[in-house]
Amino acid sequence: ADVEGTRHLVRLTMGDAKQYQVQVHVIEARELKGRDSTGLSDPVCFVEVFGEKKSTEVLKKRLSADWDHLFFWDVRKTAGDFEGGRVIARVFDANTIFRNELIGEYSFDIPYVYAQPGHELYRRWVGLFDPTRDGVQGFLKISVTVLGPGDSSPNHEAEKEEEAENEGDLASMVLMPPGMELKGYLLIFQIYRAVDLPKMDMMGKCD
């Protein structure tokens with residue numbers, strides 16, 4: 001009787017599970033902190049969803065990266081598992097001999113993404129942080145979409161073109177981890193005069 005009851009519980013739990021698809025578009029990174037002795041990094045982005053990791057290619061010796069890589073996870077989850085799900089994006093400095101060194105990471109709660117319009121966060125900049133270091137370690141541009149039964153992917157072609165034309169100050173568009181914020185500073189320069197300027201034009205003058 002106990003065995004039969006256990007089987008019934010297993011069937012009930014599996015019956016409550018629903019099919020979801022998680023889509024993560026890793027677009028680009030900017031202003032990454034250098035981890036190599038040269039002051040540069042070899043950035044690679046790993047994305048983890050429900051314990052399964054996927055990664056972009058490694059780009060050598062740079063502080064910005066254009067990946068434009070789309071990943072998919074097809075998962076079947078109960079309501080409890082779904083509520084505890086997260087999308088974790090980590091950017092590393094790739095190393096051949098030693099372990100990859102973390103530049104920074106950002107995580108999204110899957111239920112939060114699913115509750116957004118269109119069940120997505122579209123082409124958002126996020127601040128990358130390293131728990132062992134102070135401050136923002138770079139910025140990652142990413143889209144996260146979570147589709148459930150009967151959902152379809154939104155079409156953003158027109159919005160993508162408009163964004164490319166109107167993209168402005170990076171800091172004003174960034175999602176930051178809890179407890180961390182960007183601070184703005186105003187720099188004021190006063191130029192009084194310049195002397196001994198070189199002669200730059202055909203008349204031997206400099207305007």
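**Salt bridges in a predicted fold**

At 18% relative accessibility, Glu48 counts as buried (buried means under 20% relative accessible area, exposed over 50%, and partly exposed in between, with a 1.4 Å probe and protein chains only). The structure is a predicted model, so local features need pLDDT of at least 70 and side-chain atom pairs count only at pLDDT 80 or more, while totals for chains, interfaces and linings use all residues. Residues are numbered from 1 along each chain as its sequence is written, and side-chain values use heavy atoms, with hydrogens and water left out.

Now for the overall layout. The chain has four helices and nine strands; helices (H or I, at least four residues) and strands (E, at least two) are DSSP runs, numbered from the N terminus. Walking along the sequence gives the pattern α-β-β-β-β-α-β-β-α-β-β-α-β. Of the 207 residues in the chain, 36% are buried.

A search of the whole structure turns up five salt bridges, a salt bridge being a side-chain nitrogen of Lys or Arg within 4 Å of a carboxyl oxygen of Asp or Glu. One of them joins Glu48 to Arg90, with the closest N and O atoms 3.1 Å apart. Arg90 sits in strand β5 (residues 86–93) and Glu48 in strand β2 (residues 43–49), so this pair ties together parts that are 42 residues apart in sequence. Glu48 is buried, whereas Arg90, at 21% relative accessibility, counts as partly exposed. Glu105 joins in as well: Glu48, Arg90 and Glu105 are linked in a network of salt bridges.

Two other pairs are worth a look. The side chains of Glu28 and Arg30 meet in a salt bridge at 3.2 Å, N to O. Here Glu28 is buried at 13% relative accessibility, and Arg30 is partly exposed at 26%. Asp130 pairs up with Arg133 in a salt bridge, their closest N and O atoms lying 3.2 Å apart. Asp130 is buried, with a relative accessible area of 7%, while Arg133 comes out as partly exposed at 35%.
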